[in-house]
Amino acid sequence: MRGHWTANTLIGLAVVAWALLLAATSAFAQPPGRPITIIVPYSPGTGIDILARALGNELSQKWGQPIVIDNKTGASGNIGTGLAARAAPDGNTLLMIAKVFVVNPSVFKSVPYDPITSFAPVIKLATGSIVLAVHPSVPADTAKGFIEYAKARPGQINYGSPGFATPHHLAMELFKQATGTDLVHVPYKGTSNVMSDLVGNHVGAMFIPTHVALPHAVEKQIKLLGVASLERVPAAPDVPTLDQQGVTGFEVDLWFGLLAPAGTPADIVNRYNAALNEFLRSTKMVAELAKQGLIASGGTPDALRELIAHDFAKWARIIKAAGITAE
């Protein structure tokens with residue numbers, strides 16, 4: 001009887017051990033042996049591309065398999081995003097996104113993806129701040145002073161942005177709605193061009209990434225009136241938020257995330273999430289992000305899912321109120 005019981009016990013233990021091995025393999029095994037492709041829907045050398053390559057290098061070293069960064073540019077990111085949405089949900093294709101991912105569906109008549117249903121969120125990667133800047137000739141040193149100045153000159157102050165429907169453009173449209181001011185949009189092609197014209201006083205104001213604005217502020221070429229986040233940013237602790245200056249609840253930031261095609265198994269998504277959360281906490285990655293004025297985010301797939309849903313609805317309302325459509 002004892003021997004029979006011992007045999008059953010051993011069989012049971014073997015079954016349990018096999019089940020645990022299968023679970024561990026599912027949760028922590030490397031993805032399939034073929035290369036992992038990270039689609040970046042923007043040009044090489046851009047901030048999101050640099051971030052993708054840093055992540056790719058980390059995953060390649062960690063899992064011992066090649067990572068391909070595939071820049072599929074065009075149509076404000078829609079081409080690459082559409083390709084990723086149609087990719088096989090096997091864990092071998094990922095998509096880098098920026099905030100414009102949730103903006104495009106409200107700007108264009110049609111886009112090749114649904115921001116809510118076409119993808120499985122993996123992780124929010126990083127966040128950056130933007131700041132309201134003006135030329136020194138503008139007689140205002142605070143957001144309140146600028147609002148008063150602008151209200152006295154409706155339609156007379158030009159503001160720049162690095163392109164139509166960029167976060168910089170949309171931030172100012174939200175500012176206009178929140179403050180009742182009337183500023184005229186002048187879109188440029190790229191940040192360097194619009195910065196040159198802000199410094200040269202060809203446009204009077206703009207929203208710009210904080211780390212880009214700071215060197216010009218130090219040289220007294222521009223004035224920083226308020227950051228668009230709800231909390232002051234470490235890089236510019238002396239610059240108050242717009243919320244602190246009476247533009248209640250004003251919040252616009254820059255964020256980046258990583259997605260997989262819808263239907264990608266949860267265990268694969270969770271494996272990527274765990275590996276990248278660890279990397280985002282590393283000294284190496286924190287330093288790399290700081291070079292671009294970014295702060296590591298991390299978190300769960302659900303946290304990114306909630307952010308996408310929130311910002312999609314928020315910017316849809318703002319874009320509709322501003323009457324913005326693709327040109």
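User: What covers the buried residues of α8?

Analyst: The cover includes β4 (119-134), β7 (205-209) and β8 (223-227). Contact means heavy atoms within 4.5 Å. Buried means under 20% relative accessible area (1.4 Å probe, protein chains only). Helices (H or I, at least four residues) and strands (E, at least two) are DSSP runs, numbered from the N terminus. This is a predicted model, where local features need pLDDT of at least 70, side-chain atom pairs count only at pLDDT 80 or more, and totals for chains, interfaces and linings use all residues. Residues are numbered from 1 along each chain as its sequence is written, and side-chain values use heavy atoms, without hydrogens or water.

User: Which residues of α8 are buried, and why do they line one face?

Analyst: An α-helix has 3.6 residues a turn, so residues three or four places apart point the same way. In α8 (residues 210-218), T210, A213 and A217 are buried. Down the axis, they fall within an arc of 65°, so they line one face. The arc is taken from the directions from the helix axis to the C-beta atoms.

User: How are aromatic pairs described?

Analyst: By the distance of the centres and the angle of the planes. Phe, Tyr and Trp (six-membered ring) pair if their ring centres lie within 6.5 Å; planes under 30 degrees apart are stacked, over 60 edge-to-face, the rest tilted. The structure holds eight such pairs. F101 and Y113 have ring centres 5.0 Å apart and planes at 15°, so they are stacked. F101 and Y113 are buried. For F175 and F250, the values are 6.2 Å and 85°, so that pair is edge-to-face.

Technical notes
Buried < 20%, exposed > 50% of the residue type's maximum accessible area, 1.4 Å probe, protein only.
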